[in-house]
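The entries follow the order in which I looked.

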Amino acid sequence: MLILGIESSCDETAASVVSDCREIRSSVISTQIEEHKKYGGVVPEIASRRHCENILGVTRKALDEAGVTLADLDGVAVTYAPGLIGALLVGVNFAKGLAMASGKPLIPVHHIAGHIATNYLSHADLEPPYLCLVASGGHSHIIEVLSYTQFRVVGRTRDDAAGECFDKCARAMGFPYPGGVHVDKAAQSGDPDAFKLPRPTVAGNEFDFSFSGLKTSVINMLHNAEQKGTDIDRNDLSASIQSTISGILTDHTMRAAEALGYKKIALAGGVSANSGVRAAMSAACQERGYEFFMPEKSLCGDNGAMIACQGSYNFLAGIRADESLNAIATLSMDDI
Ligand code: KG4
Ligand code: ZN
């Protein structure tokens, strides 16, 4: 089985061919980060225009590198939700055109389900059910993966996502966009106990997250220091931020695992590249005797292989879209 996956939900135009669900035959990513860096974040209209310019070339390259043509494919999978609406529309419309021209089925994929699927590409033995922490720039979810295509969200952020919190703290410290990776680097030479930062709990659901208080506290700390003319060690602050975010994500996931009886835990999303989050989740699972799975670092960020992999499982489950498929900016995993 050969599935082409297309991803354009944010600032990466990506396409990949995956065979038999888990074997990556090609994976091409065209990132727009350098362009959005100038503005300190993703500019939606620029993102859409770049997707429009790049999507054909990226897809052609993915097919060429896999050594296949459209005729060899079993289906065309595409991210249709959630994400920047203009960016998603480029991928959805392009995939529709490909499906129509080739006569192949069109397979809709939820972006977060794609992130979860990076674990199948990294671990040949992983099968549902398990509990997955998905932390990215736009989402922080604890999800029951009931089967390859059925999900239940048990915890979510009430305000900022973990990646957003990393990026906003990074910006306040003067690091370029996207800042998460710079905080990670600076944290390597800092003291995680140097600053005590808030770890709020959320009323009503002990698995939910809230990261806006942490962000505000970091911004206030930096403002106060600036006004007083004192200096804050960026390495120490980065290490403290990273340790606090890793601690919150891990504690809530372990709480959910215990309450719901999961002994198999996975991690996914852009923030799963963070060394502190990887170490904290891995240590907590080891302590409790849980099996732990995380994606290879190269698969943590947005890519086409995750859409092709999840698209393969959707295909096997009979999930298809017709020509009326539309892009959706906000769509809970509970509603797919
Ligand atoms: O999954 P992703 O590529 O895009 C979304 O679907 O949102 O996640 C991007 C997020 C950004 O916030 C980025 O700063 C964060 O993942 N990120 C990291 C690291 N690498 C990427 N955050 C902390 N440490 C990292 N090493
Ligand atoms: Zn993503």
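**Entry 1, the domain interface.** I looked up the interface first, and domain 1 and domain 2 bury about 1,700 Å² between them, 65% of it on carbon and sulfur atoms; buried area is the accessible area (1.4 Å probe) that two parts lose on being put together, summed over both. Of the area that domain 1 buries against domain 2, Ile112, Cys300 and Met333 supply 35%, more than any other three residues. I note that this is a predicted model, in which local features need pLDDT of at least 70 and side-chain atom pairs count only at pLDDT 80 or more, while totals for chains, interfaces and linings use all residues. Residues are numbered from 1 along each chain as its sequence is written, chains are lettered from A and ligands numbered from 1 in the order in which they are written, and side-chain values use heavy atoms, with hydrogens and water left out.

Domain 1 takes in 2-115 + 300-335 and domain 2 takes in 127-297, with bounds that come from an automatic or database domain assignment. I find their C-alpha centres 26 Å apart, and 22 residues of domain 1 in contact with 24 residues of domain 2, where contact means heavy atoms within 4.5 Å.

How many salt bridges does the rule find across the interface of domain 1 and domain 2? It finds one, taking a salt bridge as a side-chain nitrogen of Lys or Arg within 4 Å of a carboxyl oxygen of Asp or Glu. I also looked up Arg156 and Asp334, whose side chains meet in a salt bridge at 3.4 Å, N to O. Helix H1 (33-37), helix H4 (111-122) and helix H10 (305-316) each supply at least two residues of the side of domain 1 that touches domain 2.

Ser122 is found in helix H4, helices (H or I, at least four residues) and strands (E, at least two) being DSSP runs numbered from the N terminus. A polar atom of the Ser122 side chain lies 3.0 Å from the backbone nitrogen of Glu296. Leaving aside neighbours within four places in sequence, I find Ser122 in contact with Met294, Pro295, Glu296 and Leu299.

The peptide bond from Pro128 to Pro129 is cis, with omega near 0°, and Pro129 is in the loop between H4 and strand E6 (130-135). The bond from Tyr177 to Pro178 is also cis, with omega near -10°, and Pro178 has its place in the loop between helix H5 (162-172) and helix H6 (180-187). Asp20, although not a glycine, has a positive phi of about 45°, and lies in the loop between strand E2 (12-19) and strand E3 (23-31).

Conventions. Polar contact = N/O pair within 3.5 Å; in protein donor to acceptor, adjacent residues only side chain to side chain.
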